[in-house]
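Look at the model below. Then work through the questions and check each label against its cut-off.

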Amino acid sequence: MNVTIKDVARVAEVSAATVSRALNGHQYVAEEVRARIVRVASELRYSPHHAARALSSRRTHTIGVVLPDLHGEFFSELMRGIDHAARERGLHLLVSSCHGSLAEQRDALRATPGRVDGVLVMSPFLGSEEALDQVLAPEVPAVLMNCAGSPRATVLNVDNYGGAHAMTRHLLEVGHRRIAFVCGPADNFDACERLRGYRDALATVADAGPEWTMAGAFDEASGYAVGETFATGERPDAVFAANDMMALGCLFALRKAGLRVPEDIAVAGFDDVPMARYVNPALTTMRVDIASLGARALQLLLQHPGLGGDAAAVVDTTALVPHLVVRDSSAMPERRTG
């Protein structure tokens, strides 16, 4: 027996039109009603005829997602947030990774017209917004995440500068003076904003040590290499890595070399990926609600008039504010020797 939209409407105690709006991702459905409809549709194993839906509405009910990479806890959490928000609205995802290549990102975006109703793009490459304006088809609504800005699309960012400033101030306030910063890629928007926050915070304390930066690549291997350098040579009071994956790599190298964290050197990161709280010592970091970033980006996309949103509605693009999470890796011992 084929389950119809009328069957879903009857069990959910709403009209068939409301079921259609809820499963098509329209904004004007109360969230509790949408959740009930999605639950009932799932229980009844209702499967809409997507080809017919697309022909009647001229929509694919699919959202494109173009990310720099799919590897690592950050992107897993981001996709979890996007996927959850999409499923609540009966939408599908078409996901592509550009493997850190701006050229591959352009190719992925050129392929979007006709295949998706809108696109979410994480484009941290500095200067990439101009290129995006050239390749994003005007008929495809877009939301950019962690981007310097674009007149072509809505932009949703994390307050990377404020977060890095707050972490550096925390390390200074607990008594660390020589603070090293492990940078991310030089052409990465997030990395540059976090470096800027570190530098400005360091300048606020008169007796702070000089700027001390180390090259990094936002991965565990580059953090591990920095940890090996500090284990065998001069080391700072604290090392602040521009993301958690580098911080975790650094922490592992320091512990492997026999150094005590935080007694010999403190370590801090940025993002609060799930692993950060389960290492020993647990990692002090700036918490970004990564899943919420993805979910909110999708919600912003669906506010576009071309996707059923209200053209007069105020779109909230306020940057997500990271929150300091102090754990055992950054405590200041009463006195260091040597």
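Q: How do you know what share of contacts in the protein joins residues at least 24 apart?
A: Take the contacts between residues at least 6 apart in sequence; 70% of them join residues at least 24 apart. Contact means heavy atoms within 4.5 Å. This is a predicted model: local features need pLDDT of at least 70, side-chain atom pairs count only at pLDDT 80 or more, and totals for chains, interfaces and linings use all residues. Residues are numbered from 1 along each chain as its sequence is written, and side-chain values use heavy atoms, with hydrogens and water left out.

Q: What makes Val65 count as buried?
A: Buried means under 20% relative accessible area (exposed is over 50%, partly exposed in between; 1.4 Å probe, protein chains only). Val65 has 0% relative accessibility, so it counts as buried. Val65 sits in strand S1 (residues 62–67). Strands are DSSP runs of E, at least two residues; helices are runs of H or I, at least four; both are numbered from the N terminus.

Q: Which residues does Val65 contact, leaving aside its neighbours within four places in sequence?
A: They are Met79, Ile82, Leu93, Leu94, Val95, Ser96 and Leu120. Ala142 is 77 residues from Val65 in sequence, and their C-alpha atoms are 9.8 Å apart.

Q: Why is Thr168 called buried?
A: Its relative accessible area is 0%, so Thr168 is buried. Thr168 lies in helix H8 (residues 160–173). Neighbours within four places aside, Thr168 is in contact with Ile179, Tyr198, Ala201, Leu202 and Phe240.

Q: How many of the protein's residues count as buried?
A: The figure is 51% of the 338 residues.

Q: At what angle do the axes of H1 and H3 cross, and why is H1 called oblique to H3?
A: The axes of H1 (residues 5–12) and H3 (residues 31–43) come within 9 Å and cross at roughly 125°. That makes H1 oblique to H3. Under 35 degrees is roughly parallel, over 145 roughly antiparallel, 65 to 115 roughly perpendicular, and the rest oblique. Axes are lines fitted to C-alpha atoms, for helices over the stretch in contact, and angles run from 0 to 180 degrees between N-to-C directions.

Q: What makes up the contact of H1 with H3?
A: Val8, Val11 and Ala12 in H1 meet Arg36, Ile37, Val40 and Ala41 in H3. These residues divide into 6 nonpolar, no polar and 1 charged. Nonpolar covers Ala, Val, Leu, Ile, Met, Phe, Trp, Tyr, Cys and Pro; charged covers Asp, Glu, Lys and Arg; the others, Gly among them, are polar.
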